[in-house]
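Try each task before you read its solution.

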Amino acid sequence: MAQILGGITTSHIPAVGNAIDKGLQDDPYWKPFFDGYPKVHAWIKEHKPDYVVNIYNDHGLGFFLDRMPTFAIGAAHEYRNEDEGWGLPELPPFPGAPELSWHIIESMVEDEFDITSCQELAVDHGFVVPMQLFWPGAPNNPDMPRAVPISANTVQHPIPTLKRALDFGKALGKALRSFPEEAKVVILGTGGLSHQLDGARAGFINKEFDQYCLKNIVSNPEELTKISRMELVEKAGAQGTEFLMWMMMRGALGDEVTEITRNYHIPISNTAAGTLLLECAA
Amino acid sequence: MVQHSHDYHIDIPGTTVFDGRMAMKGYPLNKMCYDFNRAENREGFRADPEGWMEAYGLREEQRQAIRDNDILGMIEEGGNIYYLAKLAGIFKLSVQDVGGMQTGRTREEFQAFLASQA
């Protein structure tokens, strides 16, 4: 059976993709952010996951408002990005793992999570930037695992509740642990932390709330399910609702986790950037 | 004010909750902007913005907000920031430029405001 090694979270700001493309990792603005990743690289090198489940939120590339799935799972042989309207570099395709995708879909629908399955899915910066951060040169990295993208709706309300996100993760963890292959899986939860791009409150960041979320997601994620969705918008900012991805990731890891590394930095672009690596009990 | 049973929103100053009501209001505007994912549509808009807005059936208020570079007006008209960002991309505006435009700050002032929250 497959084994879940752990979970990694990171912000997935598009500007990071441009900074990587231009090699700005040691630039004074970017260094405090990129300094959060060497420990993640070492951990990945040591454990070499075979599969990566990348939980992100599409921002208007893979899905539009004509059909907006609450939870969508890619089931394709490969995934391509696009320039998204601002000239992001177009990369070679990321290899998929459709047999694992369909196993997850079967298991989750059995557990009453109604999934939108996608045999074609353009992946945006929410998926791509974390891959580039964790596997430098992605997808052209010799250790690049095959990927299963999972996208949750945070574009249009109603968005899932924090409890639903955590429960989704629990069902995902169950699905992965029942995959009949000796394989190692890592789960990404991307997006966040606090930020707001739109409205008169644009630029809002909430360090105190982020620290509260970072603390509890490690050892007490159930506590965070008490946060209502409107409270999340109010305290994390309109786009800080991406924290739902972190909840989905966390649910899949099980109760006992060890924190390997964390980083938190304000600001990168308009965002409080957070990174966290949690290892599952063996 | 009468509260509809499905309207669970709280008032968050300076924040528009993009729900079904806003999504319906902003549909043509957001659809046009979503299509800017493709370079040929960005070029089409650049060449003839009025014709392009007409083709997508934007309401007059939406067209005027675009003519005025009025981001807050676009949001009030149902624009969603993730799609509007693609319109901003045509004008090479970053999210800090857009942040400044919405809050009455220059780009530099907006960046300083972000950093002040560290």
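**Exercise 1.** Work out how the axes of helix H2 (residues 27-34) and helix H4 (residues 49-56) of chain B cross.

*Solution.* Start with the axes, which are lines fitted to C-alpha atoms over the stretch in contact, with angles from 0 to 180 degrees between N-to-C directions. They come within 9 Å and cross at roughly 120°. H2(B) and H4(B) are therefore oblique to each other: angles under 35 degrees are roughly parallel, over 145 roughly antiparallel, 65 to 115 roughly perpendicular, and the rest oblique. Next, the hand: the crossing is right-handed. Then pick out the contact (heavy atoms within 4.5 Å): H2(B) brings B:Pro28, B:Lys31 and B:Met32, and H4(B) brings B:Trp52, B:Met53 and B:Tyr56. Sorted by type, that's five nonpolar, no polar and one charged.

A quick word on the ground rules: this is a predicted model, where local features need pLDDT of at least 70 and side-chain atom pairs pLDDT 80 or more, while totals for chains, interfaces and linings use all residues. Residues count from 1 along each chain as written, chains are lettered from A and ligands numbered from 1 in written order, and side-chain values use heavy atoms, without hydrogens or water.

**Exercise 2.** Which residues touch the most other members of the largest nonpolar core?

*Solution.* Among its 61 residues, pick A:Val53 and A:Ile187.

Terms used
Helix = DSSP H or I, 4+ residues; strand = E, 2+ residues; numbered from the N terminus. Left-handed = near helix turned anticlockwise from the far one by under 90°. Nonpolar A, V, L, I, M, F, W, Y, C, P; charged D, E, K, R; others polar. Core = buried A, V, L, I, M, F, W, Y, C linked by side-chain atoms within 4.5 Å. Buried < 20%, exposed > 50% of the residue type's maximum accessible area, 1.4 Å probe, protein only.
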